[in-house]
Amino acid sequence: MAFRFVHTADIHLDSPLRSLALRNAELAELVGDASRQAFTAIVDLCLAERVDALVIAGDLYDGDQTSMKTARFLASQMARLHQAGVTVYMIRGNHDAMSRITKQLVLPDTVIIFGGRCQSVIQSGPGVDVAFHGLSFASPKAPESLLPKYAAPQEGAANIGIMHTSLAGSPGHDVYAPCSVADLHGHGFEYWALGHIHVRQVYSGASALVMPGIPQGRDVNEAGEKSVTLVTIRDDRSVEIEERLTSVAQFERVSVDLTGVSEWGEAIIRVRAGLEQFREGARSRYLVARLRLVGTSALSWSLMRDRDLAVAEAEQAAEQVGDTWVEKLEFDLSASAVGGLGNVADPTLELAQSMRSNASSEAFRSEAREFVLKTIADLPPDARRFAGKDEAGLEQFLDDVLAGSVDLVTARLKAGATR
Amino acid sequence: MRLRRLDLTRYGKFTDKAIDFGEKPSSAPDLHIVFGLNEAGKSTALSAYLDLLFGIEERSRYNFLHEYSSMRIGGLLEFEGRTLAVSRTKSRGNSLHDAEGRPLSEIAISANLTGLSRDAYSSMFSLDDETLEAGGRAILESRGDLGKLLFTASAGLGHASDVLAALDTEADGLYRKQAQSTEIALLKKRFAELKLRKEAIDTLASTFEALEAERVEAQDKYDRSLAERAVLSARLATIERYARAAPLLAEIKRKASRLAELPDMPSPSRTWSGSVAELIDQDTRLRTRLQANADEIERAKAKIEAIAVDEAVLAISEQVRGLADRKARYLSAGMDLPTRKMEVQMLDQVVATCLAALGRSAEQDPSRLTLPAFVVGTLRNMVEQRSGITTSLQMARDEAAAALDRLNAARGRVGEERAVPEPARARLMAAVSGAKQSSHTREIREARAVEAERQIRLADAMRRLQPWSGDVDLLSKMSVPPPTQLAAWKTLAADLRRDKAVFTERLAEYEQSRITTSSWLAAVRASANLADDETAAAIRRERDEAWRSHRADLKVETADLFATALAKDDHVGAGRLAHASELADLRAVKQKVAETEAAIERAGCQLAGASQRAEIASAEIKEAASALLHHCQAQSLDLLIGLLEERLSARADALASWDDILLARARIECAIAEGERIHLALASALQSVGIQPDAGEPLEATVVAADRFLDRQAKVDAERAEALRSIAAKEEELAARRLPVEIAERREGAWQAEVKETLKGTWLEEGIAGTGLGSVLDQLSELSRALQDREAMRIRIRKMEADRTALAEEVARLGAKGGECVSDEAPEQVSVRLTERLEQAERAREARANLLLDVQTLREVREALKGEVGANDTTKQEVLDAFGVRTLSEVSERDEQLRERDGLQSTVAELEERLTSELALEDFAQARSLLECLDLGELAIEKAEIERRLADLDEALQQQLVRRTRATDKLDAIGGDSQVARIDAERRTVLLEIEEKAARYIELKLGVMSAASALRVYRERHRSGMMSQASDAFALITRGQYTGLTTQPVNGGEVLIATQRDGQSKVADALSKGARFQLYLALRLAGYYEFAKLRPSVPFIADDIMETFDHLRSEEVFRLFSEMANVGQVIYLTHHKHLCEIAKSVVPNVVIHELR
């Protein structure tokens, strides 16, 4: 006999997907509620595996959620667990702290939400007693480590710590209750159920440290398959960890090398082959690809010029592959192996070079920057971030957009000449 | 680089073909012409050359003879004096080989092409009709922008402007500030819509909180109210029980006191049946009935005594009843008899009348006159036939008479008028037809109409010639200038008019220029606040004067004056020094002003000259046509010529009209003579038929008279012929009518004979006319019927009188038997009286029998009643004994009292039971003591209070229930569906789309900005190198029509301007289409020089670009190519033989390669 539980975190219930692929109404219908589908899958897993408990290590919601429909949905899923006799152990994460619906939710008494002081709950299993230690920090920011607040391990029981932490820090994630892996290993618990970072990580050592990652990626920055952890604590308190897939849709950056390709048809065949390769490797039901064309091809100018056509062809290829969508097409192509050297004979390339030097001229940049800021000011506040969150971001955006505009103009001039 | 030889080993239509361009000539231009007719393979050769340099194209079109795998080209290339033999096959890698067939790196060629791609090479160094056309268009679209033009020409592109404009348009489609229909604007709208939709269906956490609080509070209040209500309800129930119990106790007490008043004895046991009341009732009833029975018997006996019966009548009862029928017959006969007798008399009268009609009034036995039935039948039949026979005879006779009348009438109509003889009539007819066919009258009419119309025209033309006056003769003799002279004057006038317009326009242009330069001058002056040369000189003079005076006096005042003048001069000098360039402009402008003034003057002189020439011409015209232009005051030469033309045309019209008039008059005379000849012929013909026409009668009237005569003759002939035909017809008709008359007369005779035969042997045998036969028959039939009726009536009267006599005898006999006195009474009255007596006697006998039966029955009843009375008396005695009283009425009183007592006792017991159970106590004693302690008044007050409180509570409960239900419903309605989540997802997608479009917009706009700036840089870098080349080439190619190219700055840029030979200048986009082609060509050549200046040259290939050029232009182009060929190799592909010859004449050393 053994004690079994499912460990998940960062569900961000009803936080929408961020992908232009959802412009396709069919896909929007399929994955418009992907985070719910993932959460339902987690509950399904608990019931199918007849586990004893479900551990949610924070960020059940996104801070932005204010709809009680979200709460209702959650309550219905919790009721399913309650009926099946599965206890839920839950701490609040930085996003939950911001959520307004948290307070309103009435949950069954088999759902245990740890409060601001560390609390230890013992659940007696068939062969082993398990002590769950948890702590919810009430504020969205937790600059200090929370580890010192956790109780010492209980004698005679398997100890499981539940903690929302950014560990030593991770790009793209705010610092929250920072804490070193070594300290956690040294605390004497059998298992640390962590949350906050959206990429799955398992740190083996004295105890099992698992960051299960988000169960459903929301954009290409949360690419790849997403999962939860099924944990088995045997009677001798040894721990076994299994990863179980939960993502309904998975994002992937798909790079296709077009080197040597000189015909459209051939380029599309390569794109389809690239998508097929990813489709075969992806276990999630749906695949959303950000396609990047790379390499050296005589077709590069023509592809860049007829970008709309290229996008349409890529989308069609994805449809042929099945359950696959293209959210964006990016170009990283060069026309020929011999790059623009000092003495350029081709006036078009000379013009392009001149434009590139514009991009690095402060006078032109300041004019461009002003133009960008003016344009952005007229957009909805939520749609301004693409030009960078700060000054450095803006400069980066300028670099990108100016480089893009050189390619754009060159492609039009170049490709137009051979028409 | 140079192409020495091109090997078309296996390529397109070529197999082992080579074009050898030879070594570069040392002192002559390196110019080659490849000549081949259409389809000779010029384009193939060009493509082969590019394939040799850059590799055979993936989907080459030149595999129709040689497969891809076997395609091969080669050549000998020269690089800076070094030669390289290469060959090329079609494959993905290693397609380039050296002379020995070893693979060669692409760098061997590409290193010498300074990074040119195939596309770049073909756009920069080859030129064909299409690119020339596109280049011309590009000049138009560039609006003369120098940067764009230089770039377009160097890159060999025709669409650089297009591309930038298209990008700008694309960007505007994405976003424009405050535009409503750009893609981003639409997305923003969509975003707002989604927000509204979400708000419409979502429940926020805050709303939820409020609802939940409401629900909990309502539930709580509801529960509390409910508890309070329960307590109060219980108390109210108790009070109500007490209230119900109190009256019960009072009732019990009342009943107990009544009980005490009633006797206390046991109730007797009942041994009899029925109640005491019934017993009393039975006793009384029996006695009453016994008495009534006795009375009845006495009354019946008395009645029997009183009844008497008439026995006499009863003895003859049967006979009396038999009288009734016979008496009825007697009465009706008495009434009928007179009528019947009257009818017999009437029939006698009828018989007498019939006899009179038949003429036999004296006949004693009328029945003898009746005819046998078969005779009557035959006669009837014959009478019917008679009328048909008579009618047909009459009709036949009438028709025959009418036919005879008609024949006589027809005979009378023949032969009244006779016709004129035929020959005379024929002659007259010929004369009339000749008169009718003649057309002389129409000719006269037409000629007169023509004459009148020409007269009007003549008058009109004469009017147009005013103020000149005179007759036609004078007019025809007048001298006029010949048409050639007039044409010469018109040409002169047109020339003068055009010159005047040109000079006037030029004058206006110069005036405009003067105004412009003047304002420019003022502006230049104002802008720099400069002193011009004169002012400066004046100031300098002032300074020198001041110095002279100071030097003479050397005073403080003069020193000051000098200092001031010096300072002023210095200031002006310094200003002019600082603005040297403006000063130069100023001078130039002044120069321009002077030039403009001179030009104005020149133009004025030219205008005056033109006017003078016009006046001279006017005088000449007036002289030549003095008669027509007698008092003419025309202002201008044009007007004068117009007037002259008009007068000449009027004169011509007048003369022509006069000619027509003369002609018409001659025709009229001719026609009149013809008319007279015809008239004579006709008159003579008329006389020959005996008609003498009037002497002065016109021809038309004579013709009509003749016509009328001929018509009448024709009618007379026709009428006679018709009358003769009619007589013959009438004679035939008469013969036909006489036959039916005979037939009818035969039938009449036969009928008369038959009648006679039938009447033979009757009293009518002699003497009866056929016509009277019918009425005799009718009278005979009526007589026979009257005789029969009279006999029947007489028999009936006899029978009636016999009946009456029989009755009278019978009545007399019966009256005697019944004792009636019947002496002189009518028998019917006696009969009635007998009948009445019989009825009375029978009724009396029946009544007496009934009464005897009644008496018998009553006696039987009396015996039964006596038995019943005895039994009743026994029972009565028994009851009296039981109650111990003497009468039955006492018994019933006692019985009543005992019943009441028993009832009260059981009621009291029952009430006590109810009271005890109502109060839920064990026995009545407890209940009684409890109730006696209660104050009912206080309880009533308490009850009222509780009831009011309960009503309040009920209302409160209802309110809380509603609140709770409402809140619960709303909470339940929230639902856990994903609608809001899906809208959020859609909103997120819209935001991403906005971001994507905005980024694209920025990219497009910055691209356009950056490209514009890059084009400026391009211009700066290449203008000096290209402008002089292009200017020279343009002058050459336009054969000096344009002297060259120059530029002019405009805001933010510079435009290209072409200068014309006459000093005027045009911005490049204002050039004509042909000139634009030439300008593009010139710029392309300049681009080639610019390329070759910095890098080793490459061959330039032109493909038949001179289709639209004339001979001279073509020469100039070849001259240019020959110059270019001094810098690099130039190859010209053509299918025009004459171009080869032109090239040879311009460049004697040109090499011509013929392609076959």
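1. Arg118(B) has a relative accessibility of 18% and counts as buried, because the cut-off for that class is under 20%. In this predicted model, Arg118(B) forms a salt bridge with Glu57(B), with 3.6 Å between the closest N and O atoms. Arg118(B) belongs to helix H3 of chain B and Glu57(B) to the loop between H1 and strand E4 (72-79), so the pair ties together parts 61 residues apart in sequence. Glu57(B), at 39% relative accessibility, counts as partly exposed.

2. A second salt bridge within chain B joins Glu932(B) to Lys253(B), the closest N and O atoms being 3.5 Å apart. Glu932(B) lies in helix H25 (residues 924-933) and Lys253(B) in helix H8 of chain B, so this pair ties together parts that are 679 residues apart in sequence. Glu932(B) is partly exposed, with a relative accessible area of 46%, and Lys253(B) is partly exposed at 39%.

3. Helix H1 of chain B covers residues 42-54 and reaches 19 Å from its first C-alpha to its last, close to the expected 18 Å. Eleven of the 13 residues of H1(B) are buried, among them Lys42(B), Asp51(B) and Tyr49(B).

4. The interface of chain B and chain A brings 77 residues of chain B into contact with 66 residues of chain A. The buried area is about 6,400 Å², with 62% of it from carbon and sulfur atoms. The rule finds eight salt bridges across this interface and 17 residue pairs in polar contact. Several helices of chain B each supply at least two residues to the side touching chain A, including H3 (118-125), H8 (205-261) and H28 (1073-1094). H27(B) gives the most, with 34 residues. That side of chain B divides into 40 nonpolar, 14 polar and 23 charged residues.

5. Arg59(B) forms a salt bridge with Glu263(A), the closest N and O atoms being 3.3 Å apart. Thr989(B) lies in helix H27 of chain B and is buried at 3% relative accessibility. Beyond its neighbours within four places in sequence, Thr989(B) is in contact with Ser19(A), Leu20(A), Leu22(A) and Arg23(A).

6. Over all chains the structure holds 102 salt bridges. One of chain A's pairs is Arg234(A) with Glu240(A), whose closest N and O atoms are 2.9 Å apart. Arg234(A) is partly exposed at 35% relative accessible area, and Glu240(A) is partly exposed at 31%. Also in chain A, a network of salt bridges links Arg290(A), Arg292(A), Glu327(A), Glu330(A) and Asp332(A).

Definitions and conventions: Residues numbered from 1 in each chain as written. Chains lettered and ligands numbered in written order. Predicted model: local features only at pLDDT ≥ 70, side-chain atom pairs only at ≥ 80, totals over all residues. Heavy atoms only, no water. Helix = DSSP H or I, 4+ residues; strand = E, 2+ residues; numbered from the N terminus. Expected span 1.5 Å × (residues − 1). Buried < 20%, exposed > 50% of the residue type's maximum accessible area, 1.4 Å probe, protein only. Contact = heavy atoms within 4.5 Å. Buried area = accessible area lost by both parts, 1.4 Å probe. Salt bridge = Lys/Arg side-chain N within 4 Å of Asp/Glu carboxyl O. Polar contact = N/O pair within 3.5 Å; in protein donor to acceptor, adjacent residues only side chain to side chain. Nonpolar A, V, L, I, M, F, W, Y, C, P; charged D, E, K, R; others polar.
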